[in-house]
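Reader: I'm new to reading protein models, and I'd like to go through this one with you. Could you show it to me before I start asking?

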Amino acid sequence: MLTIEQNDRITRVGPSTPMGELMRRYWHPIAAVSQMNDKATKKIRLLGEDLILYKDRSGAFGLIEPHCAHRRMNMIYGIPEESGLRCPYHGWLYDATGQCIEQPYEETEDPDARFKDKIQMKAYPVEEQAGLLMAYLGPQPAPLKPAWDLFQMGDVVRDIGYAQVDCNYLQVMENSLDPIHVEWLHNYWANYVMEQLGRDDLVGDRARHEKIHFERTNHGIVKRRVVVGGSEADDDWKVGHPIVFPNMLRQGTFSSRAGGGFQIRVPLDDYTTGHWWFRCYQMVEGDQPQASEHIPFYQVPVPQLDAEDRAEWEKLDNNSGQDLVAWVTQGGIADREKENLGRSDRGVILYRQMLEENMQIVADGGDPLNTFRDPATNEFHELPTESDARFTKMGPARQRGGAATKYSPIMIEREGVVKY
Amino acid sequence: MLTQEANDRYTRVGLGTPMGELMRRYWHPIAAVSQMNDKATKKVRLLGEDLILYKDRSGTFGLVEPHCAHRRMNMIYGIPEQNGLRCPYHGWLYDATGQCIEQPYEETEDPDARFKDKIQMKAYPVEQKAGVLFAYLGPQPAPLLPNWDVYAADGVLRDIGYAELPCNWLQCQENSLDPVHLEWLHVAWANYIREQNGEFDQIKAVRAHKVIHFDNFEYGIIKRRIWEGGSEDDTEWKDGHPIVFPHMLRQGSDGFNLEAPARWGFRLGPAFQVRVPIDDYTTGHWWINCYPMIDGDGEQRPEDIPFYNPPVPMLDENEQPVFQSLRSNSSQDPAAWITQGGIADRTGEHLGRSDKGVIQFRQMLEENMRLVEEGQDPMCTFRDPEKNQYIPFMTEQAQYADTSARQGAATMYSPILDAREAAGTLYEK
């Protein structure tokens, strides 16, 4: 249970809030490269700021504030030039740093006019990583983009899923520090979902947790579990399941059928999270290495209720659909003043402590966890992940990788569409 | 004309407000049983509170606050168990009193864990009658759910209509204390609507009200009228039309003789309009109608009683009335209520002789709010089962020769009447 003040402190992400300042120390995915194949501009919201992402004619990406500094037309209608983005209203041109570099009529009346030198739009650096466009909104110098294993691997094919989720990022992250929900939300409730879909044949026994444990690692937290019938010799306990600070869950092993992935939970604002499913699959015969713009992007649907409160059961047959409704229905920002944490929630408490420590580090002017500034120590960060999880084996074999992979274009190409 | 304070006092229904406290002394319809045939949970809003209605696997209904006390997932996705509702996130189970009775992982780590004993969700009693689920949000002990004739009559079929209206409940109820609007809204304006719809052959003669009068009675107010050309011998004056406190209008036949003739060309038994305050700006409007059984009808189980949604009149994209949707009382009235505003600004009203009933009803509200403040039971509280066996109302016995009467009210959308009309059994030969 938190006070209102404590809850605000770890959930609010606008500029100059403690959590906003911590989050501004990291690179965040804002779009897939392939989302920009058919357009030059895109609206972005990140950490409470509205921005415009653009690709100029040289192929360089830029990220600037939405309204032209002249008469405030929105740059979503901007014209990409060889270098930079031009406002369509009166032709002012901005480079990737946000500096105004042309004001055509000012220069017509006075070829020596220097008005443009005084015009600087807010702009942020954008860099590509494994088909994702990453933005950094914090103070300079920006740290390096972390070389997490799945971003660095060769010989894999990737796809990128996304859903905009109507709730605060912390609800989403806390879910990852919470092994017990797998037994209920993804197992017992999933059985109920199967019943609603008329598939009693897919109802299975519920795997049960015997114990859970959490440890700090160099990059975050590893969660461990022993399920009834298992032991500490199992991967679930021995290797465990890594949570990468501050906002990623690692899933699966890339060598398995359904690949390995990151779930990345980007705070768009206090009440909205951009949820990314970044996934790598071992190449199969016929696969070619992907250029960034060929890495497929797909939308993961967020299950809704109809006007009579009937659920979309067919979208709730997979872990991602189940998680999404848990997070969203906790409220825009979960009211933690009214929560009641038990033994099942030790990981949540540990993670909140880690957030608090790192907010403090930033407030003290230091670099928080997972800041990399030396290229020599940022080549390949391996994140060991349970590869032979007894838990998932014990669950009913009805999910494809247990997640948004239901909608993955690569999985659909390989295995077809999941239907009930 | 009311002061702002007086208007707030009559209209605001949140927890701790005088009207909210009065309304919390009554059972309110929250859903039709048949609405729960295809689902186990439903969002409910009542008196400003968000709640989840559920049906567990034993068929028992429960009403709990929406967020699990653990990590606050919404119970709309809850799993019905044999007894109670389980949160899908971590399996905490709650019984119908809101008491947490299982916390599986807590009990795994410590079989003697008593953490669950401390976890109590807010929960309210639910009772079924006449195919309607009623909730009571007030202090215990709860009074009895009244056996009004509409709910307790035997030998009838029922159907249940519902519309969610974007306005305060009092506008709806004041309408029922206002006989004169019938002459204008439902005859003169209805004629204009018929004209707009090209139904010139449907134009009705407008009759004027000569006298109106209101008498308090045990369960509310009887309104009486004499039409132009009529007299005190007429049933509209002698028998009158009962308004049942605090938020119901009684319609249809009286509750004494359910075999009454088909006064509308078709048989309509006892009927209620119930105006449930969902919150300060929203009313759940129910049409609960009885129809005396005819040959071939069998008893309805609660889950067989049909539910339907009369349309709510809205302006079109050019802010113009949609006349096709305004053909019955059940949309003409909501058009009046809704356009009075979210909460009608009664500091700007001007009441005349036509509004005596409205004033009398407000006095009755005031008296009953006072009773509650003094710790007493308000009107229409039943605690003695002997006095709650069957409560019939007398209603005006006017005959309506015109068989188009069905089209003049929510009855135009009634599934039971649709079925009878399709079977050729609706109108008396």
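Reader: How are α6(A) and α8(A) oriented to each other: roughly parallel, roughly antiparallel, roughly perpendicular or oblique?

Author: First, this is a predicted model, where local features need pLDDT of at least 70, side-chain atom pairs count only at pLDDT 80 or more, and totals for chains, interfaces and linings use all residues. Residues are numbered from 1 along each chain as its sequence is written, while chains are lettered from A and ligands numbered from 1 in the order in which they are written. Now the helices: the axes of α6(A) and α8(A) come within 10 Å and cross at roughly 105 degrees, with axes being lines fitted to C-alpha atoms, for helices over the stretch in contact, and angles running from 0 to 180 degrees between N-to-C directions. Angles under 35 degrees count as roughly parallel, over 145 as roughly antiparallel, 65 to 115 as roughly perpendicular and the rest as oblique, so α6(A) and α8(A) are roughly perpendicular.

Reader: Which residues of α8(A) make the contact with α6(A)?

Author: Two residues are in contact if their C-beta atoms, placed from the backbone, lie within 7 Å. On the α6(A) side, you'll find A:L185, A:H186, A:W189 and A:A190. By class, the contact has four nonpolar, three polar and no charged residues (Ala, Val, Leu, Ile, Met, Phe, Trp, Tyr, Cys and Pro count as nonpolar, Asp, Glu, Lys and Arg as charged, and the others, Gly among them, as polar). The α8(A) residues are A:N319, A:Q322 and A:A326.

Reader: Which element gives the largest share of the side of chain A that touches chain B?

Author: Here 27 residues of chain A are in contact with 26 residues of chain B. The elements giving two or more residues to chain A's side are α6 (180-196), β13 (209-216) and α8 (319-329); helices (H or I, at least four residues) and strands (E, at least two) are DSSP runs, numbered from the N terminus. That side divides into 11 nonpolar, eight polar and eight charged residues. The largest share, seven residues, comes from α6(A).

Reader: How far apart are the centres of the two domains of chain A?

Author: Chain A is divided into domain 1 (31-136) and domain 2 (149-415), with bounds that come from an automatic or database domain assignment. The two do touch: 14 residues of domain 1 of chain A are in contact with 15 residues of domain 2 of chain A. On the domain 1 side, β2 (41-46) and β10 (126-129) each supply at least two residues. Taken over C-alpha atoms, the centres are separated by 34 Å.

Reader: In chain B, which element gives the largest share of the domain 1 side that touches domain 2?

Author: Chain B has a domain 1 (27-136) and a domain 2 (149-423). Between them, 16 residues of domain 1 of chain B are in contact with 18 residues of domain 2 of chain B. β1 (27-32), β2 (41-46) and β10 (126-129) of chain B each supply at least two residues of the domain 1 side. The largest share, three residues, comes from β1(B).

Reader: What radius of gyration does chain A have?

Author: Let's start from the globule rule, 2.2 Å times the number of residues to the power 0.38, with the radius of gyration taken over C-alpha atoms. With 420 residues, a compact globule would come out near 22 Å, and the value for chain A agrees with that: 23 Å.

Reader: Is A:A130 buried or exposed?

Author: A:A130 sits in the loop between β10 and β11 of chain A, and it has a positive phi of about 50 degrees although it is not a glycine. A residue is buried if 20 or more other C-beta atoms lie within 10 Å of its own, exposed if 12 or fewer, and partly exposed in between, with C-beta atoms placed from the backbone. A:A130 has 23 other C-beta atoms within 10 Å, so A:A130 is buried.
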